[in-house]
Amino acid sequence: MTAPAPALPRVTDLLPHRYPMLLVDRVTELVPGERIRTLKAVTLNEPWYAAIPPDAAPGTAYDYPQSLLVESWGQSAGLLASAVAEAPSGQVMLFGSVADAEFHLPVLPGDVIEHRVRVSRALTDSVIFEGSSHRGDETVMTVTRMVMAFRPADRLRPGDPAEPAPPPPTAAPGREAIR
């Protein structure tokens, strides 16, 4: 007899994103530290379709924005990074970069997209991911590399307004700016 599979995490338990920028609906598979599969259902109710006139002809106006497809895939990567272990206290996860994202087919309202994300390499405070997005048997996007990093939250918050601001950098002729 095998042990029951652990419950899959809820998206809202691991990501701080909320409507309208929460772009992952469900986790369908998770192997911590290795891979994740998630689903995103694209609907006409999403705010980016609000500006399309009701009598608009079918065409590229209904294509799901590619930037949001990358964001949705990246949120899936964030779920995988967060599922390995909770971020150390006071740390926040930051998107670093994406390289070689290729879009193969348009995504349209009514499509259910499955994101497949794998850890390519994990460093001390950064994780590199790779993977793809699919509509059924069709690949709609591939991502060669996305980098995310954990950084101290206190360095990202604005300083105390009572504290004096650091002096602005100065530049001497012919020299780099000096702080």
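**Entry 1. Terms and model**

I take two strands as paired if DSSP finds at least two bridges between them. Helices (H or I, at least four residues) and strands (E, at least two) are DSSP runs, numbered from the N terminus. I note that the model is predicted, that local features need pLDDT of at least 70 and side-chain atom pairs pLDDT 80 or more, and that totals for chains, interfaces and linings use all residues. Residues are numbered from 1 along each chain as its sequence is written, and side-chain values use heavy atoms, with hydrogens and water left out.

**Entry 2. The sheet**

I looked up the bridge partner of His 134 and found Thr 139 in E6. E5 and E6 pair in the antiparallel sense, over nine bridges. I then traced the whole sheet: six strands form an open sheet with antiparallel pairing, in the order E1-E2-E4-E5-E6-E3. Strand E1 (26-31) and E3 stand at the edges with a single partner strand each, so one side of each has no neighbour in the sheet. From one strand to the next the twist averages 20°; for such angles, axes are lines fitted to C-alpha atoms (for helices over the stretch in contact), and angles run from 0 to 180 degrees between N-to-C directions. As background, strands of a sheet pair through backbone hydrogen bonds, either parallel or antiparallel.

**Entry 3. The chain**

I counted two helices and six strands in the protein chain. From the N terminus on, the elements run α-β-β-α-β-β-β-β. Of the 179 residues in the protein chain, 30% are buried. Buried means under 20% relative accessible area, exposed over 50%, and partly exposed in between (1.4 Å probe, protein chains only).

**Entry 4. Salt bridges**

I searched for salt bridges, each a side-chain nitrogen of Lys or Arg within 4 Å of a carboxyl oxygen of Asp or Glu. The structure holds 11 salt bridges.

The side chains of Lys 40 and Glu 46 form one of them at 3.2 Å, N to O, and both residues are buried.

Arg 135 and Asp 111 meet in a salt bridge at 2.9 Å, N to O. Arg 135 lies in strand E5 (residues 126-135) and Asp 111 in the loop between E3 and strand E4 (112-122), so the pair ties together parts that are 24 residues apart in sequence. Arg 135 is buried at 19% relative accessible area, and Asp 111 is buried at 13%.

Salt bridges that share partners join Glu 29, Glu 34, Arg 35, Arg 37, Glu 114 and Arg 116 into one network. I examined the pair Glu 29 and Arg 35, whose side chains meet at 2.6 Å, N to O. Glu 29 is partly exposed at 23% relative accessibility, and Arg 35 is partly exposed at 31%.

**Entry 5. The largest pocket**

I worked on a 1 Å grid over the protein atoms alone: a pocket is an open set of points where a 1.4 Å probe fits, with protein on both sides within 12 Å along at least five of seven lines, and lining residues have an atom within 4 Å of a point. Grid points are joined across faces, edges and corners, and a volume is the space filled by probe spheres set on the points.

The largest pocket holds about 440 Å³ of space. Its lining has 22 residues, of which Leu 15, Pro 16, His 17, Gly 78 and Met 93 lie nearest the centre. Helix H1 (11-14), helix H2 (66-84), strand E3 (91-103) and strand E6 (138-152) each give two or more residues to the lining. H2 gives the largest share, seven residues.

By class, the lining has 12 nonpolar, seven polar and three charged residues. Ala, Val, Leu, Ile, Met, Phe, Trp, Tyr, Cys and Pro count as nonpolar, Asp, Glu, Lys and Arg as charged, and the others, Gly among them, as polar.
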